[in-house]
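Here is a friendly tour of a structure. Have the sequence and the model open beside you as you read.

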Amino acid sequence: MKKMHIIGIIIIAVALAVVVSTISNSSTYAPFKTAIENEGSTFHVVGKLNKEKEFIYNPEVNANLFGFYLVDNEGLEKKVLYNGSKPQDFERSEQIVVVGKMDGDEFHASQILMKCPSKYNGNQQDQLKAVSGDTEAAS
Amino acid sequence: MEIQYQGEHLGFGILGNILIILSFATALLSAISYYFSFNQKSEISNSWNPLARLSFGVHAVSVFGIIFLIYYLIHGHFFEYYYIWQHSNSVLPMKYMWACLWEGQEGSFLIWTFWHVVLSFIIIKKAGTWEAPVMFTMMIIQTFLASMLLGLEFGGIKIGSNPFILLRNHADFANLPFIQMADYLSKIKDGRGLNPLLQNYWMVIHPPTLFLGFAATAIPFAYAVGGMLTGRVKEWVKPALPWSLFGILILGTGVLMGGAWAYESLSFGGFWAWDPVENASLVPWLVLVGATHVMIIFNKNGTSLHSSYILCTLSFILVLYSTFLTRSGILGDTSVHAFTDLGMKGQLLIYMVFFFVLAVFLSIKNRKLLYTQSEEDPISSREFWMFMGMLILVISAIQISITTSIPVINKLFNLKMAPPADAIDFYNSWQIPLAAVIALLMSLGLYFKWKQTDMKTMAKKLLLSFVVSLLITIGVHYYFQFDRIQLVLLLFTSTWAFISNLDYFIRVLKGNIAKSGASIAHMGIAFILLGSLIANSEKTVISQNRLNVDLGKDFPNNENILLYKGDTLPMGEYYVTYKDKIKEGIHIRYEVEYLKANHTTGQFQKEFSLFPFVQLNDRMGNVSEPSTQHFIDRDIYTHVTYAELDDKEVEKNENEGYKPGKKYQLSIGDTITTSNSLVVLQSLNKDVDKDLLMLQESDLVVAANILVMDVNKKMHQANPVFILRGSEAFNRPVEISELGLRFAFIKIIPEENKFEIEVSEKEGNAREFIIMKAIIFPYINILWVGCLLMIIGTWIAIIKRIKKLRTA
């Protein structure tokens, strides 16, 4: 066997290892239901903020604990606790991805990803809103 | 009836559209002409070349024209054009106007096209016989890119997105009622403006650099493809080599600038977060570095031709893939800074697939020549180990690509995979060991000789640097106490890579700058690895909040600290005070003062002040930017993670605005706190001047001596009085107006020997605070020095290759 062949085999083996490790380390997008059934495992939960309910954030008591209520795509609502300060403009977010796991009846998030309207390039609705303020008189 | 719109400047749009069509048509014409030019059999006269050059010239003028026109429109605030409205506004400072140009996809395509044109000029001037085949590929690339701006629709299929579309014709506006008014333009007061994240000087220089880097990868690709097309299967490598080095230089600089931008002005606290967008430009760079190394091998001894071809074409195709990832909207949930979809997914895909198929087809067509199996490189040769290095780089690129492509894999196989929960940790667990191996190869690399190396001599030469690096590693490890073995390995190999290359430069090259490209660039990469290793693994969050309830080890929640205005808290070796909030236009700056305690005097001494700020932006959301103090051996990063933005400080009204008071029962010597001061009940005083207080001689009067210390350690006195007239008790409150405090002596409780004092605070005393995070990044300057060395080294290598090309 030639040296190059051995190298080739090693490369393929490493590439396979990469694929396997990526798959085994990857998290899953899931609704709260799955997270509750697998308490203790990490999931990515996509949902919308329940804007009716108050945030839990008392920086003067604990600056590193922020809580809110998230409604997942199946309509289930859970209290989410995040171990950091309240992200800027949290109220404005349209869609939220929380990364973490269930603990009792609460979801402990270690990461929050927010999709804010028009943070980048924008979406239609927000632009409409932005303009319609100036045009009420006209229309 | 046609509406006669008022105030529009339609001429610019017409001109712009003409230029766009022209740039597309001439790119295509030029490509076709170049194709015939190099396929022309007759040697006498090349009749196609003048046409190819002419159409390239018109193409170049159109591209410059479009860019100038958009810039002019941004500058003149012509909001009747959607792109201008969407990406700029009239309050934007001059320096950011260029950033508006490339905020949108259309503009960033333009910058990319612009660099292709500039590089093409150099090709036409310098490439000689390579002009036609290389320019042919370049012009095909330009045709694709120019089509991204066409903005045509054929039966529901959208080709490109036109930057000159009128606001009133854009899908978001066309159906709004006010758009039907002739004077609609007067209703549009201002543009949406530039994303606040991009209002940063790095964002003025980082995108053009990155796009120049992207453009630079196209040239080795064009040489490779041109070589295959013209049957010069081997000859293309030599002239392509300086270009691939140039690509390493510029793309590398661009990627690092992106890191610097993230470090200076994003809030994640670091310069590299393995974000998909960062990865998408790192991967082509890694492959290009691999390509360059095998091209050097080929230049030296004629092996590795096939690898050179694969990697050169791959790095350009990966640039296209990166464009696809960031612009198709597919990254959606996983990246914070991808573009949103403009409906060009299909077009981007065709673009990528076309060049991929072309590259594969040409390689199959020329397989006989490409695959010439020469004898294998012996294991003690430099080429063997360079090849190994390339393989490690490719493995690294594969790992990053696969993990970054999770959203693509989801789309393809209809899965619901999410990135690893701790993505950074996952990438690091792969990339740190790989980087350690790369660094090891860099330490040994130059000591191998081409063809065959005498291992004994090599070992002798390496001994000194090995011992020195080992000692340094032991020392550094003793100091930092790394907790993972892979970190120690990377520490050792990257230290060795630096020292052995330095040693090579001094003892072997005897300081000969002209030949030192590789050793200096390797020193740079070693320092980049070393700097990021130390700064990232040893960064310490000094804003530790020890008071909070611990939610368990997996859920540490103490990295942010609450700082009241005026308060001083210990952080690491510093004491930190939040001094003031300063509003300047759209910025709110928070003055955070770092102090050190002087142990001999017991006083605090100011070390420096930082001004992290929040940029207010109603439409796009407020953005807070950190501020960093740089020292030789460390950086102190300070970030306001949360602050009440509304101005809490009510107008100071002298007489009104006291909140209901709080009653305290105090003994002599007791201390209480108010929102802005410390209050001590020092003593009682029965010797009161009754006349001064206009009291009766028979009254029983007691005054409390209250000492008030404010946040600036200034002392104030308050002497509220308690009065007993017969059986009736009343009091005279006293005010310290400077502090907005009022004290009243309510009653005496003799049996407990306590005194009731009521303290009232003004509304305005509601204490203002910030939540901040402070991180020390030790020795991060090693990283930046590494960047500089990498740039210098690569530049030296380019010059050397160009000289070789001329003499050959």
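## The layout of chain A

Starting at the N terminus, the elements of chain A follow the order α-β-α-β-β-β-β-β-α. That makes three helices and six strands. Helices (H or I, at least four residues) and strands (E, at least two) are DSSP runs, numbered from the N terminus.

This is a predicted model, in which local features need pLDDT of at least 70 and side-chain atom pairs count only at pLDDT 80 or more, while totals for chains, interfaces and linings use all residues. Residues are numbered from 1 along each chain as its sequence is written, and chains are lettered from A and ligands numbered from 1 in the order in which they are written.

How much of chain A is buried? Of its 139 residues, 34% count as buried. A residue is called buried if 20 or more other C-beta atoms lie within 10 Å of its own, exposed if 12 or fewer, and partly exposed in between, with C-beta atoms placed from the backbone. Two residues are in contact if their C-beta atoms, placed from the backbone, lie within 7 Å. Among the contacts in chain A with a separation of 6 or more, 45% are between residues 24 or more positions apart.

## Two nonpolar cores

In soluble globular proteins, nonpolar side chains tend to be buried together. A nonpolar core is a set of buried Ala, Val, Leu, Ile, Met, Phe, Trp, Tyr and Cys residues joined through C-beta atoms within 7 Å.

The largest nonpolar core here has 220 residues, and Met135(B), Val287(B) and Ala526(B) have the most contacts inside it. Helix H7 of chain B (residues 201-229) gives the most to this core, with 17 residues. Beyond its neighbours within four places in sequence, Ala526(B) is in contact with Ala439(B), Met442(B), Ser494(B), Ala497(B), Phe498(B) and Asn501(B). Another core, of 21 residues, lies apart from the largest one and includes Phe32(A), Tyr82(A), Val99(A) and Phe107(A).

## A covered strand in chain B

Now look at strand E24 of chain B (residues 769-778), where ten of the ten residues are buried. Phe769(B), Ile771(B), Lys773(B), Ile775(B) and Phe777(B) point one way from E24(B), while Ile770(B), Met772(B), Ala774(B), Ile776(B) and Pro778(B) point the other way.

Which strands pair with E24(B) in the antiparallel sense? Two strands pair if DSSP finds at least two bridges between them.

- Strand E4 of chain B (residues 540-541) pairs with E24(B) over two bridges, antiparallel, and Thr540(B) stands opposite Ile776(B).
- Strand E5 of chain B (residues 561-564) runs antiparallel to E24(B), joined by four bridges, and Leu563(B) stands opposite Ile770(B).
- Strand E13 of chain B (residues 634-643) pairs with E24(B) over nine bridges, antiparallel, and Thr638(B) has Ala774(B) as its bridge partner.
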